[in-house]
Amino acid sequence: MRVIDSHTAGEPTRVVLDGGPDLGSGSLAERAARLEAEHLDFCASVVLEPRGHDAVIGALLVPPSDPDCVTGVISFNNLQNLGMCGHATIGLAVTLAHLGRIAPGRHKFETPVGVVEVTLHDANTASVVNVESYRLHKDVTVEVEGHGPVTGDVAWGGNWFFLVKDSPVALRPSEIRPLTDLTLRIRAALEKAGVTGSEGAWIDHIELFGPPEDPANQSRNFVLCPGGAYDRSPCGTGCSAKIACLAADGVLAPGRDWVQESVIGSTYRVSYQPGTGGGVVPTVTGQAFVTSEATLIFDRSDPYRSGIRP
Ligand code: PYC
């Protein structure tokens, strides 16, 4: 199985070029659901140790159903497919450029939650016009075990997020363990209280915000991902959810830039235009770098060929 690894603002992506499972025909959402239902061994074997680690997001290239798209892409971790993945989309654009498959300019990629438009600015920089993003609930308070009440907003940015404005823990790399512990507890509290996204969807990403370290930026965040790893980047879909909340609060005008720092200090530049469904259409700009080209080997006698599960 041929893969290309990259990182976007520190967050790793592994693009699977070939050798993935046969997902049959149908819409990308149907094929993504099939990947999740029938091929989690494949997902875990690609992203987890001993070939990867729990922060790696896989990006499986599949034929698009929309002929205007360069490719279809299903992003996944070891648990599920991700509707959209901002960092993986930027990583994919840079990977396709590295392979000579796309040149600077505008391109469309098909994801399970819709078509996104990507502008490749140069070999490492890309902007993603994401799917329409919106806030579902403002100021939801849940009782977090061992901590007390925590208030946040529920918003969609291509994935479901719970966004907490003032992190009670400092947003520093040295605090990643307590930040992870707190966000896991917040997620459990949401589940216990029955707080969900639309149609009962699991809120699988938790975001904490605080002041930026660099005064040139607007904010810093910590993002818990579904598998329990933290996002090294400011999270493309998380920034989309954030900007939907800022727009709903009337504190950021269309077209104005918001520079979001991650917990490791990497940044995305984000802005939005009003959407047609009452939400916003975010544009997320970031940088990715290819780190390796590899062939993954799956030896039938290897007891850990399907990954080391948590
Ligand atoms: O950039 O959207 C994102 C993302 C989701 C999970 C990890 N990164």
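Pro-50 is placed in the loop between helix H2 (40-47) and strand E3 (57-62), where helices (H or I, at least four residues) and strands (E, at least two) are DSSP runs numbered from the N terminus. The peptide bond that leads from Glu-49 to Pro-50 is cis, with omega near 10°.

The model is a predicted one, in which local features need pLDDT of at least 70 and side-chain atom pairs count only at pLDDT 80 or more, while totals for chains, interfaces and linings use all residues. Residues are numbered from 1 along each chain as its sequence is written, and side-chain values use heavy atoms, with hydrogens and water left out.

### Surroundings of the ligand

The ligand is surrounded by Glu-11, Cys-85, Gly-86, His-87, His-205, Cys-225, Asp-231, Cys-235, Gly-236 and Thr-237, a residue being near a molecule if one of its heavy atoms lies within 4 Å of it. This shell divides into three nonpolar, five polar and two charged residues; in this scheme Ala, Val, Leu, Ile, Met, Phe, Trp, Tyr, Cys and Pro count as nonpolar, Asp, Glu, Lys and Arg as charged, and the others, Gly among them, as polar.

The table lists distances to oxygen atoms of the ligand, each within the limit for a polar contact (a pair of N or O atoms within 3.5 Å).

| Residue | Polar atom of the residue | Distance to a ligand oxygen |
|---|---|---|
| Gly-86 | backbone | 2.8 Å |
| His-87 | backbone | 2.8 Å |
| Thr-237 | side chain | 2.7 Å |

Taken alone, the ligand exposes 240 Å², and the protein buries 100% of that area, as computed by the Shrake-Rupley method with a 1.4 Å probe. The elements that give two or more residues to the shell around the ligand are helix H3 (86-98) and helix H5 (236-248).

Because its relative accessibility is 11%, Ala-9 counts as buried, the term meaning under 20% relative accessible area, with exposed meaning over 50% and partly exposed in between (1.4 Å probe, protein chains only).

Asp-139 likewise is a residue other than glycine with a positive phi, here near 50°, but Asp-139 lies in strand E9 (residues 134-144). With 47% relative accessibility, Asp-139 counts as partly exposed.

Technical notes. Polar contact = N/O pair within 3.5 Å; in protein donor to acceptor, adjacent residues only side chain to side chain.
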